[in-house]
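Let us read this structure together, one feature at a time.

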Amino acid sequence: MSKVFNEIRNAIEASDKTRYRLWKETGIKQSQLSRLMSGQTGVSVENLEKLADALGLEIIIRHAKMKASKTKGR
């Protein structure tokens with residue numbers, strides 16, 4: 001999940017939105033946003049969706065690409 005939180009942090013930093021504005025748009029407390037930005041904590045899936053909406057992002061879940069197995073050919 002840390003990759004997702006890193007992407008959200010990067011999107012927040014790249015946006016013109018302050019924590020105050022994100023709080024007003026999402027209802028997520030500024031203190032929680034601060035902890036998210038510092039890497040101290042994540043957010044719930046519900047809040048992740050709210051942040052994605054506020055930042056104009058889309059969350060996509062898909063199957064991971066299969067890595068070549070070391071035991072291939074057995």
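**Reading the helices**

A: This is a predicted model, and in it α3 is followed by Gly 39, whose phi is positive, near 80°.

Q: Which residues of α3 are buried, and where do they lie around the axis?

A: As a general idea, an α-helix has 3.6 residues a turn, so residues three or four places apart point the same way. In α3 the buried residues are Leu 33, Leu 36 and Met 37. They cover an arc of only 95° around the axis, which puts them on the same side of α3. These buried residues of α3 pack against α1, α2 and α4.

Q: Which residues of α1 are buried, and which are exposed?

A: Buried in α1 are Phe 5, Ile 8, Arg 9, Ala 11 and Ile 12. Seen down the axis of α1, the buried residues fall within an arc of 165°, so they line one face of the helix. On the other side of α1, Lys 3, Glu 7, Glu 13 and Ala 14 are exposed. The cover over the buried residues of α1 includes α2 (19–26), α3 (30–38) and α4.

Q: How do α1 and α4 pack?

A: In general, two packed helices are described by the angle between their axes and the distance between the axes. Here helix α1 (residues 2–14) and helix α4 (residues 45–55) pack at an angle of about 35°, and their axes are 11 Å apart. The contact is made by Val 4, Phe 5, Ile 8, Ala 11 and Ile 12 of α1, together with Leu 48, Leu 51 and Leu 55 of α4. By class, this contact of α1 with α4 has eight nonpolar, no polar and no charged residues.

Technical notes:
Residues numbered from 1 in each chain as written. Predicted model: local features only at pLDDT ≥ 70, side-chain atom pairs only at ≥ 80, totals over all residues. Heavy atoms only, no water. Axes fitted to C-alpha atoms, helices over the stretch in contact; angles between N-to-C directions. Helix = DSSP H or I, 4+ residues; strand = E, 2+ residues; numbered from the N terminus. Contact = heavy atoms within 4.5 Å. Nonpolar A, V, L, I, M, F, W, Y, C, P; charged D, E, K, R; others polar. Buried < 20%, exposed > 50% of the residue type's maximum accessible area, 1.4 Å probe, protein only. Arc of directions from axis to C-beta.
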